Amino acid sequence: MENFRKESDLLGELEVPVNAYYGVQTQRAINNFKISGQLLSSYPDFIKGLAFVKKAAAKTNYELGLLDEDLYFNIAETCDELIQGQLHDQFPIDMIQGGAGTSVNMNANEVIANRVLEKLGKKKGEYQFCSPNDHINLSQSTNDAYPTAIKMGLLHMNIGLVERLKKIVEAFRSKGQDFHDVIKMGRTQLQDAVPMTLGQEFEAFAATLEEDISKLNSNADLFVEVNMGATAIGTGLNAPVGYASLCAKNLAQLTGFPVISAPDLVEATPDTGSYVIYSSAMKRLALKLSKICNDLRLLSSGPRAGLFEINLPPMQPGSSIMPGKVNPVIPEVVNQVCFKVIGNDLTVTFAAEAGQLQLNVMEPVLSHAIMENINFLCNALDTLREKCVTGITANKEVCLNMVKHSIGIVTALNPYIGYKYSTEIAKEALETGKSVYNLVLEKEILSQEKLDEILDPKNMLKPHSK
């Protein structure tokens, strides 16, 4: 009994670890929700988002004359501690839970209240001096504080994701410059197409990922619209006049994000559209990233019986039975991350659809899916860049020989001899094993000088001029 204190709520008394800053409602959540094993403490930006929301709320209540100065300053100071990374171990509840986020909101309220009590020289649980509900949650409901905290957390997390994305774009672009003179065959439908450079291929990887930087940022911008002051369902019951706009202003000042109050708080309270569109941007990134990893695996296939146009850095032995085998393990693991991201996007879709009437109670799984995706993508982008992309080398002679022996270069003859003759030459080259070059000369279709000019691979890397 010495290791516990008793706290009570609607359902009665419950023992809480004596040194815990959280209280009875958090303890109930610990007991009730042993689901994913991923705790709120695993997502520090979410906790910081909660702290920003509680600090903004306290500042607004103080400015409106609802909170005394001493209590406000102690609450604000405690929120700053959370923002700085302190006391995060006091958020031990599962990310997936029932109750539409009530457990998360109360976890924050209890931790802040008990830390304030400590600052005031009181014992934990002496809530008559600083109450989780009456003071920390003043003028709020879970239904406005919780989604606003999610959005503040996601705005911070998006910054980290975009930074990782910029770095891998730079890495692919650097390889594009390294490989600018490596001539190779381009392929469509896995068949020989026309020549290109390996540099163009890697520059295309950079360009397609670079597009998603602006997509992620523009979609994340939707998170700045919040419903603080909505309280339970958007009517603002128990919040003073002017609270919504002032709280949004204070939150903007504290976070540095251009936070605004939603124009219709009843609409904004159950709305999860911003989560859906941001998740779709991550899915788009995952699809592109997975396609690039597929390409890297194909281009490095071999070394004797595949394309073998590039070498990926060898990271570990590839088989317990086949000596000498090395697998493309880094693209493989990134592929799997992308599958997870795509699956989580479907979870977000279902969770967003499942809201009824004035609230969406599925926000816990929705927020968890998005935050998990951001973490997965950040780790995957760093891993792919550091352990794969920066170490890729080109097999220049392999690439060039494939171009010389390809039927695909006959495409370059189309503007000069027409599609029909080009098709006949391609067919004969394929059947006889003769080169396109020799067949054109044998049939005296073009002079050797003109043919050399047309079929020079370097002249096939850009639009032609007659």
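Ala-244 has its place in helix α8, which covers residues 243-255. The model in which this residue is described is predicted. The chain comprises 16 helices and eight strands, and 50% of its 466 residues count as buried. Its radius of gyration is 30 Å, whereas a compact globule of 466 residues would have one near 23 Å.

- With neighbours within four places in sequence left aside, Ala-244 is in contact with Met-228, Gly-229, Ser-261 and Leu-265.
- Val-329 lies 85 residues from Ala-244 along the chain, and the C-alpha atoms of the two residues are separated by 51 Å.

**Overall dimensions and surface**

- The C-alpha trace spans about 100 × 55 × 35 Å along the principal axes of the chain.
- The accessible surface of the chain amounts to about 21,700 Å², and carbon and sulfur atoms account for 53% of that area.
- There are 43 positive and 54 negative side chains, with the centres of the two sets 5 Å apart.
- Of the contacts between residues at least 6 apart in sequence, 72% join residues that are at least 24 apart.

**Nonpolar cores**

- In soluble globular proteins, nonpolar side chains tend to be buried together.
- In this chain, the largest nonpolar core has 112 residues, and Phe-46 and Leu-384 are those with the most contacts inside it.
- Helix α6, residues 142-178, gives the most to this core, contributing 15 residues.
- Another core, of 19 residues, lies apart from the largest one and includes Val-436, Leu-446, Leu-451 and Leu-455.
- Beyond its neighbours within four places in sequence, Leu-384 is in contact with Ile-168, Leu-289, Cys-293, Leu-296, Ile-330, Val-334 and Val-389.

- Lys-175 is found in helix α6.
- This lysine counts as buried because its relative accessibility is 10%, against a limit of under 20%.
- Leaving aside neighbours within four places in sequence, the residues in contact with Lys-175 are Phe-202, Val-389, Thr-390, Gly-391 and Ile-392.

**Backbone features in loops**

- The peptide bond from Gly-302 to Pro-303 is cis, with omega near 10°.
- Pro-303 is found in the loop between α10 (273-299) and β7 (310-311).
- Asn-238 is a residue other than glycine with a positive phi, near 75°.
- The loop between β5 (225-226) and α8 holds Asn-238, and helix α8 is also the place of Ala-244.
- Asn-238 counts as exposed because its relative accessibility is 67%, which is over the 50% limit for that class.
- Glu-444 likewise has a positive phi in a residue other than glycine, with a value near 55°.
- Glu-444 is found in the loop between α15 (436-442) and α16 (448-455).
- At 71% relative accessibility, Glu-444 counts as exposed.

Technical notes. Residues are numbered from 1 along each chain as its sequence is written. This is a predicted model: local features need pLDDT of at least 70, side-chain atom pairs count only at pLDDT 80 or more; totals for chains, interfaces and linings use all residues. Side-chain values use heavy atoms; hydrogens and water are left out. A nonpolar core is a set of buried Ala, Val, Leu, Ile, Met, Phe, Trp, Tyr and Cys residues joined through side-chain atoms within 4.5 Å. Buried means under 20% relative accessible area, exposed over 50%, partly exposed in between (1.4 Å probe, protein chains only). Helices (H or I, at least four residues) and strands (E, at least two) are DSSP runs, numbered from the N terminus. Contact means heavy atoms within 4.5 Å. The radius of gyration is taken over C-alpha atoms; the globule rule is 2.2 Å times the number of residues to the power 0.38. Accessible areas come from the Shrake-Rupley method with a 1.4 Å probe; for residues, only the protein chains shown count as cover. Lys and Arg count as positive and Asp and Glu as negative; His and the chain ends are not counted. The place of a charge is taken as NZ of Lys, CZ of Arg, CG of Asp or CD of Glu.
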